[in-house]
Amino acid sequence: MATTSLWHIEGSLNDLIKYVENPDKTVEVKDAPSDLSNLFRYVTRDDKTQDKQYVTAINCVKEIALKQMIMTKKQFNKTTGYIAWHGYQSFKPNEVTPEQCHKIGVQLAKEMWGDRFQVIVTTHLDKDHLHNHFCINSVSFIDGKKYDYSRKEMQRLRETSDRICWEHDLSIVKNPSVGTPRAIYEAEKRGEPTKYNLMREAIDFAVEHSVDMKTFHQVMREQGYEVNLNQNRTYWTIKRFGDKKATRMFRLGEEYNHRRVQERIKQKDRIVNYHNYRNFMEETKTTYIRPRPVTFRGSFKRTRRITGLKALYFRYCYLLGFLPEKKQRKPLSPEMREAWRRIDRYSQNIRLICKQDFKTTEDVSNFIASNNEQIKVLEKKRNRIRARMNRTDNPAEKAKYKAQRDDITTVLTAIRKDNKTAKHVLEDSPKIKEDIAKEQRAMQQRFIVQQRNHRSRRRNYEWEKTR
């Protein structure tokens, strides 16, 4: 079974070629030690390596591939934009040999791009799963047209890879799915709250607190999720309140498809789950606060009111449950629970807002512009000091200039750090307003559902009395 992917590259073509031709990845290693820190020293030993590398160049010479690709770009005057396309073809562990893996990769590259583009194919052997890398020049050496990786081309890549694997008696992916975005994958790997693992947690919690699909649906709503459990649908879906697009539950993992969820609920102890459900519904029940008279001293007119960005961030921290420290609350909407992943960044933002007393985003923009001017002045001053330090041979003067240079560098570092935080304030403010609106909608939705349930229970009670 082989999986494939392709993405564009901007920047240095030389860096990409160095990566895909990295000897540490393309030289086969057998019986490698488990200590990763010794791996690189291990592969350089002559008695432990084989004198071969799995690197093949198509429509170019391997030793001068970079120069040939650059010449093609210059020939057609297309040196800007996407410089290349980088792809991979990955196999299951122990499914193919290095020779077979490389042979399949070269065959795929020739069929896909060999008639018009210059390609380098390498086989990396540094992981348990062998995989091929493709470095494709974005400009064709035939007609100078750029490679267009459209949906049709994506499908052709998958079908060609599957056909070649089938010809080599290898398994293929029957139901290919879109992979998790890299940022979310890395966050999940670190154990941080993301959209998808919060969905998994909510479903796991609902399974532990449900006796049937009706109670499962109610518990999911209380957690801020809307699920479509229509038995006539091929796939059940889940989405957060306010989201336009739903996620098919089977994409969250094998334990979260509709059949498995039903099986998990049936396997649970109904009595235990019923008590869990009742306790959870009691905890989430809206409490009505009875108003009581309060006496205030002073005047509200003279009371200082918090407004602007400071009020926005304080409100956000309260809804997150970060403030106040002694009475933390749990946010209702999944968006707010996911925002905990960025709580350190929000904390830095609000410290700068309070320190600089920002009222509006215009104040933040002016602060950044002022800092940029100050940075230019300090950089010119530091460059003059560096020039004097390089011209003098006196050790005392050199030490004096070095100390002055280091002082300016320290100030510049602090200013740049404040600038970075200020830019975060500008970027985060619209998202914070959106999250607050979603949390308020979740609170309203919960209140509406509870009111509806209360009226239904009231009608049933009155009906029972009339019988």
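## Ground rules

Residues are numbered from 1 along each chain as its sequence is written, and side-chain values use heavy atoms, with hydrogens and water left out. In this predicted model, local features need pLDDT of at least 70 and side-chain atom pairs count only at pLDDT 80 or more, while totals for chains, interfaces and linings use all residues.

## The chain as a whole

The protein chain has 16 helices and eight strands. Both are DSSP runs, numbered from the N terminus: helices are H or I with at least four residues, and strands are E with at least two.

The protein chain has 467 residues, and 37% of them count as buried. Buried means under 20% relative accessible area, exposed means over 50%, and partly exposed lies in between (1.4 Å probe, protein chains only). Now take the contacts in the chain with a separation of 6 or more: 70% of them come from residues 24 or more positions apart. Contact here means heavy atoms within 4.5 Å.

## Helix 12 against helix 14

Helix 12 covers residues 308-320, and helix 14 covers residues 343-356. They pack at an angle of about 150 degrees, with their axes 10 Å apart. Axes are lines fitted to C-alpha atoms, for helices over the stretch in contact, and angles run from 0 to 180 degrees between N-to-C directions. The two helices are therefore roughly antiparallel to each other. That label applies to angles over 145 degrees; under 35 is roughly parallel, 65 to 115 roughly perpendicular, and the rest oblique.

Helix 12 passes helix 14 in a left-handed crossing. Left-handed means that the near helix is turned anticlockwise from the far one by less than a right angle; clockwise would be right-handed. Helix 12 brings L309, K310, Y313, F314, Y316 and L320 to the contact, and helix 14 brings I343, Y346, N349, I350, I353 and C354. By class, this contact has 10 nonpolar, one polar and one charged residues. Ala, Val, Leu, Ile, Met, Phe, Trp, Tyr, Cys and Pro count as nonpolar, Asp, Glu, Lys and Arg as charged, and the others, Gly among them, as polar.

## Helix 9 against helix 11

Helix 9 (residues 213-222) and helix 11 (residues 270-283) cross at roughly 30 degrees. Their axes come within 11 Å. This crossing is left-handed. From helix 9, the contact uses T215, Q218, V219 and E222; from helix 11, it uses Y277, F280 and M281. These residues divide into four nonpolar, two polar and one charged.

## Salt bridges

Side chains of opposite charge can pair when their charged atoms come close. A salt bridge is a side-chain nitrogen of Lys or Arg within 4 Å of a carboxyl oxygen of Asp or Glu. The whole structure holds 16 salt bridges. One of them joins D357 and K310, with the closest N and O atoms 3.7 Å apart. D357 lies in the loop between helix 14 and helix 15 (361-391) and K310 in helix 12, so the pair ties together parts that are 47 residues apart in sequence. D357 is partly exposed, at 34% relative accessible area. K310 is buried, at 16%.

D428 pairs with R345, and their closest N and O atoms are 3.0 Å apart. This pair links distant parts of the chain: D428 sits in helix 16 (residues 395-466) and R345 in helix 14, 83 residues apart. D428 is buried at 8% relative accessibility, and R345 is partly exposed at 26%. D406 and R405 also meet in a salt bridge, at 3.1 Å from N to O. Elsewhere, D204, E255, R260, E263 and R264 are linked in a network of salt bridges.

N77 lies in the loop between helix 4 (65-75) and strand 3 (84-91). Its phi is near 55 degrees, a positive value in a residue other than glycine. N77 is exposed, at 67% relative accessibility. N94 lies in the loop between strand 3 and helix 5 (98-113). Phi of N94 is near 65 degrees, again positive in a residue other than glycine. N94 is exposed, at 78%.

A65 is found in helix 4. A65 is buried, with a relative accessible area of 1%. Setting aside neighbours within four places in sequence, A65 is in contact with C60 and I120. A65 and I120 are 55 residues apart along the chain, yet their C-alpha atoms are separated by 8.0 Å.
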